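Please have the sequence and the coordinates open while reading.

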2 protein chains.
Amino acid sequence: MSNTKVLPLLESEAPEAVAPCCPPLTERPFTAEEAETAARMFKALGDPVRLRLFSLVASHEGGEACVCDISDVGVSQPTVSHHLKKLKEAGLLTSERRGTWVYYRVEPSVLAAMGKLLTMAPAAA
Amino acid sequence: MSNTKVLPLLESEAPEAVAPCCPPLTERPFTAEEAETAARMFKALGDPVRLRLFSLVASHEGGEACVCDISDVGVSQPTVSHHLKKLKEAGLLTSERRGTWVYYRVEPSVLAAMGKLLTMAPAAA
């Protein structure tokens, strides 16, 4: 009866408590459910503008950025906001409103889980 | 004058010779060009069926698989072929025809490069 629609990678705000969704891609075939979860994250990074914004937030001083920090990606501020929201929906960014602005921050545990998916499993016996 | 349209991750067939396209996402903002290259790979994995097929090939005995090895992902053989071709175009799989069948194999260097993108850079000073 548990709600499997919730992104399993983000069961908690605490990075330590995050359960990785899937084994390395090289370990065994993904189930349909695992593929759904992981594909959602890859898809979020599958757009050049979104990927640029993500790297901008990820590499920004203090590990966070607001729309006010982003000016040179060649799209309007509403478009930037839209993409940041999409990245948040995919579980890749978290956000916090402080005064006028919403600050976005990379969810390091999700990044780590995605990185783990892409590691080569030790050669099977 | 170099042809930057060629996927820089796959300059050679030899895995050792592959130049990673981009720094870790957390290191500095991606340029538009880097984002184009990396987004293409993430997008290829951003479809659940394609991701399942990729994990199926990646985890298959001997590290390779042909359409003849794939039967239980709930899509037709032509659809499987279509997705495998897309993964190949994105540089994630290589292929080789042997007799009747085309065998697909994961390009480990590309997987490693994508994994590197997702590593957290050491905290900036």
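**Symmetry and interface**

The model is a predicted one. Two copies of a chain are related by a rotation about an axis and a shift along it. Here chain B is superposed on chain A by a rotation of 180°, with a shift of 0.0 Å along the axis and an RMSD of 0.0 Å. This is the relation of a two-fold axis.

Contact between the copies involves 31 residues of chain B and 31 residues of chain A. Of the interface residues of chain B, 100% are also interface residues in chain A, so the copies meet through the same surface.

The size of an interface is often given as the accessible area lost when the parts come together. Between chain B and chain A about 2700 Å² is buried, and carbon and sulfur atoms give 76% of that area. On the chain B side, the residues that lose the most area to chain A are Leu25(B), Leu51(B) and Leu118(B), together 21% of what that side buries.

**Helix packing**

| Helix pair | Angle | Axis separation |
|---|---|---|
| Helix 2 (residues 48-59) and helix 3 (residues 77-89) of chain A | about 80° | 10 Å |
| Helix 1 (residues 32-44) and helix 4 (residues 108-117) of chain B | about 110° | 11 Å |

Angles of 65 to 115 degrees count as roughly perpendicular. Helix 2 and helix 3 of chain A are therefore roughly perpendicular to each other. In their contact, Val49(A), Arg50(A), Leu53(A), Phe54(A) and Val57(A) of helix 2 meet Val80(A), His83(A), Leu84(A), Lys86(A) and Leu87(A) of helix 3. Sorted by class, this contact of helix 2 with helix 3 of chain A has seven nonpolar, one polar and two charged residues.

In chain B, helix 1 and helix 4 are likewise roughly perpendicular to each other. Helix 1 of chain B brings Ala38(B), Met41(B) and Phe42(B) to the contact, and helix 4 of chain B brings Val110(B), Met114(B) and Leu117(B). The class count for helix 1 with helix 4 of chain B is six nonpolar, no polar and no charged residues.

Terms used:
Residues numbered from 1 in each chain as written. Chains lettered and ligands numbered in written order. Predicted model: local features only at pLDDT ≥ 70, side-chain atom pairs only at ≥ 80, totals over all residues. Heavy atoms only, no water. Axes fitted to C-alpha atoms, helices over the stretch in contact; angles between N-to-C directions. Helix = DSSP H or I, 4+ residues; strand = E, 2+ residues; numbered from the N terminus. Parallel < 35°, antiparallel > 145°, perpendicular 65-115°, else oblique. Contact = heavy atoms within 4.5 Å. Nonpolar A, V, L, I, M, F, W, Y, C, P; charged D, E, K, R; others polar. Least-squares fit on C-alpha atoms with pLDDT ≥ 70 in both. Buried area = accessible area lost by both parts, 1.4 Å probe.
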